[in-house]
Amino acid sequence: TLNVHNGKNYTGAAPVYVGKYQCGIGAISGCCTYEMLFDGAHYVILNSDIVAQETSDTASYIKHGNGYIVQFFREINIPTDGTWINLSIAMQSYIIVDGRRGENLQDTTGWAIKEKNRFFVNPETAHNADFLIIGFSV
């Protein structure tokens, strides 16, 4: 929510939206300037379509208002029996790109299973890898 002071008093807290979506975690970044419009019920950000984002050392994501999502993962030293990579946000459809080789890994034999909320990495294909997942939310 945002509570604006008009010089005399506060206007009252109102939720912040990007289009028709209420802002989620990380949608508003520090050191950025946002153009907003108050429609009487909530503030609408006019110059950004990011509705949520989160970053960490090993996994990050950016979610846009149209459902488009980009997720980033760093998986170092994949075990010899493979490993599951859990997505930060479940996705309806997506492609997986090996961040170090720039390949669409769905076209290789290294992936055993791809689900809406995770995918399996076969160590025969990727021993150390960074992954870029691009697609749309569920």
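Strands here are DSSP runs of E, at least two residues, numbered from the N terminus. I'm working on a predicted model, where local features need pLDDT of at least 70, side-chain atom pairs count only at pLDDT 80 or more, and totals for chains, interfaces and linings use all residues. Residues are numbered from 1 along each chain as its sequence is written, and side-chain values use heavy atoms, with hydrogens and water left out.

Entry one, the serine. I found Ser60 in strand β6 (residues 59-64). Ser60 has 11% relative accessibility, so I put it down as buried (under 20% relative accessible area; exposed is over 50%, partly exposed in between; 1.4 Å probe, protein chains only). Leaving out residues up to four places away in sequence, Ser60 touches Glu54, Thr55, Val70, Gln71 and Phe72; contact means heavy atoms within 4.5 Å.

Entry two, the rings. I got two aromatic pairs. Rings of Phe, Tyr and Trp (its six-membered ring) pair if their centres lie within 6.5 Å, and planes under 30 degrees apart are stacked, over 60 edge-to-face, the rest tilted. Phe38 and Tyr43 have ring centres 4.7 Å apart and planes at 45°, so I call that pair tilted. Phe38 is partly exposed at 42%, whereas Tyr43 is buried at 8%. Tyr68 and Phe136 have ring centres 5.8 Å apart and planes at 65°, so they go down as edge-to-face. Tyr68 sits in strand β7 (residues 68-75) and Phe136 in strand β12 (residues 129-137), so this pair ties together parts 68 residues apart in sequence.

Conventions:
Helix = DSSP H or I, 4+ residues; strand = E, 2+ residues; numbered from the N terminus.
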